Amino acid sequence: MKTSESRIHEKLGILADAAKYDVSCASSGSKRKNDNKGLGDSTGMGICHSYTEDGRCVSLLKILLTNYCIFDCAYCVSRKSNDIKRAAFTIEEVVELTINFYRRNYIEGLFLSSGIFKNADFTMERLVTIARKLRTEHHFNGYIHLKTIPGASEALMKEAGLYADRLSVNIELPTEASLKTLAPDKNYEEIFTPMSYLSEAITEYKAEKALIKSTPLFAPAGQSTQMVIGATPESDKDIMFQANTLYQQFSMKRVYYSGYIPIGGDERLPGIGTPPPLIREHRLYQTDWLMRFYGFKVNEIVSDEHPNLDVDVDPKLSWALRNLQEFPVDINTADYAMILRVPGIGVGSAQKIIAARKFGKLDWHQLKKIGVAMNRVKHFVVCSKQDVLFGDLTPGAIRHHILSLGKSKYTASYSPQLSLF
Ligand code: SF4
């Protein structure tokens with residue numbers, strides 16, 4: 001007969017494995033102070049076997065409450081028609097696991113998602129109860145990311161926001177047509193309604209807290225979402241335009257792009273053996289960063305003429321090669337926005353360049369010391385009017401030269417958090 005410990009161990013194996021397909025848990029920016037009565041605290045950057053913006057690798061207990069599901073989304077390993085081993089934690093089990101792991105310093109927080117038990121509210125209520133117990137009974141100040149269940153009531157969403165640091169509603173697929181095909185039980189409205197509610201509630205609570213200090217926190221690390229890519233025929237343009245709308249309309253903190261890993265068993269999907277589109281996923285993350293931190297508009301990177309990203313070179317270099325009329329940039333006179341657009345100069349280097357210019361004119365030696373990627377920069381920058389650019393200035397020649405430096409050196413290994421520009 002199995003002991004309760006071995007049963008929990010078995011559930012953990014099943015429900016942590018099922019949760020690995022959700023990538024929307026790197027986070028956060030949340031601050032939750034310990035008032036000396038509680039357990040731990042959560043500060044600064046994020047979570048979950050993932051790299052934070054400052055390069056830190058942090059860990060979360062990332063599990064599903066259950067992998068039972070009444071829905072049949074074709075791309076999901078937990079879909080009801082999939083013949084897999086099922087399990088479900090009780091509320092107490094998740095609370096105890098979280099507290100035990102946290103006390104042992106295994107984790108810095110909890111990422112909790114779930115298949116849909118009977119209906120959206122029934123499931124969401126359990127997720128909220130776990131968060132409530134952690135916060136109010138155990139005074140847990142670690143990070144909590146809750147997945148919200150589309151279709152759950154506003155009252156539950158509101159309560160979730162009062163206990164969780166981050167909430168997410170997965171958009172799942174880039175277009176409504178694809179959602180209808182692969183996830184017929186879901187509809188776009190049930191996904192956008194909670195996103196819209198969260199966006200408004202986060203803004204309202206923040207504004208109120210600025211005026212009244214005692215206003216409780218409401219999802220202080222904001223909301224995020226995830227799109228499965230490569231399972232349906234959308235172009236990179238379709239994906240990035242959708243992401244742009246999500247950022248603009250719902251103040252998303254992050255949109256995650258999850259390259260579809262074939263799980264087989266459905267002819268609507270790429271078959272087993274099709275490699276997951278990891279480079280594509282990487283290029284989408286780079287585009288996302290260009291939009292959020294480099295001042296690029298989405299239609300500068302993808303358009304009807306260029307609906308898909310170049311897999312060989314990053315999207316910033318690709319843009320520069322298509323817009324050589326914007327170059328060379330004089331590093332001593334160009335404004336910050338234009339310096340940011342130079343391939344080989346990241347946000348940190350651009351800021352250093354602007355700061356260093358206050359003390360005199362910069363030359364190549366100083367640029368190198370600042371840490372720009374000289375192999376790329378030398379094709380796009382001059383340090384004075386008399387300066388000459390390196391080599392032939394045709395897009396093909398520059399591209400060829402940069403690629404000849406060695407793909408392994410140029411195309412960094414996959415990590416959505418890397419700043420590659
Ligand atoms: S509702 Fe969620 S858990 Fe259920 S099949 Fe769809 S994606 Fe999977």
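**Close-up views of a predicted model**

**View 1. β7 pairs with β6 and with β8.** Strand β6 (residues 166–168) runs parallel to β7 and is joined to it by two bridges. Look for Ser168, which stands opposite Ser224 in β7. β7 also pairs with β8 in the parallel sense, this time over six bridges.

View 2. Is Ile263 buried, exposed or partly exposed? Ile263 is partly exposed, because 17 other C-beta atoms lie within 10 Å, and a buried residue would need 20 or more. Ala74 is 189 residues away from Ile263 along the chain, yet their C-alpha atoms are separated by 9.3 Å.

**View 3. Residues form a shell around the ligand.** The residues around the ligand are Cys69, Phe71, Cys73, Cys76, Ser78, Arg79, Gly115, Ile116 and Ala183. Sorted by class, this shell has six nonpolar, two polar and one charged residues.

**View 4. Helix α3 has a covered set of residues.** Helix α3 (residues 120–137) has 18 residues and reaches 25 Å from its first C-alpha to its last, close to the 26 Å expected at 1.5 Å a residue. Its buried residues are Thr123, Met124, Arg126, Leu127, Val128, Ile130, Ala131 and Leu134. An α-helix has 3.6 residues a turn, so residues three or four places apart point the same way. What covers the buried residues of α3 includes α2 (91–103), β4 (109–113), β5 (143–147) and α4 (154–163). After α3 comes His139, with a positive phi near 50 degrees.

View 5. The protein has a mean pLDDT of 87, and 86% of its residues reach 70 or more. Over residues 43–47, however, pLDDT stays under 50, and the model has 23 contacts for them beyond four places in sequence. Residues 50–56 also have pLDDT below 50, with 13 contacts in the model beyond near neighbours in sequence.

Note on methods. Residues are numbered from 1 along each chain as its sequence is written. This is a predicted model: local features need pLDDT of at least 70, side-chain atom pairs count only at pLDDT 80 or more; totals for chains, interfaces and linings use all residues. pLDDT is the predictor's confidence in each residue, from 0 to 100. Two residues are in contact if their C-beta atoms, placed from the backbone, lie within 7 Å. Helices (H or I, at least four residues) and strands (E, at least two) are DSSP runs, numbered from the N terminus. The expected span of a helix is 1.5 Å times one less than its number of residues. A residue is buried if 20 or more other C-beta atoms lie within 10 Å of its own, exposed if 12 or fewer, and partly exposed in between; C-beta atoms are placed from the backbone. A residue is near a molecule or strand if its C-beta atom, placed from the backbone, lies within 6 Å of it. Ala, Val, Leu, Ile, Met, Phe, Trp, Tyr, Cys and Pro count as nonpolar, Asp, Glu, Lys and Arg as charged, and the others, Gly among them, as polar. Two strands pair if DSSP finds at least two bridges between them.
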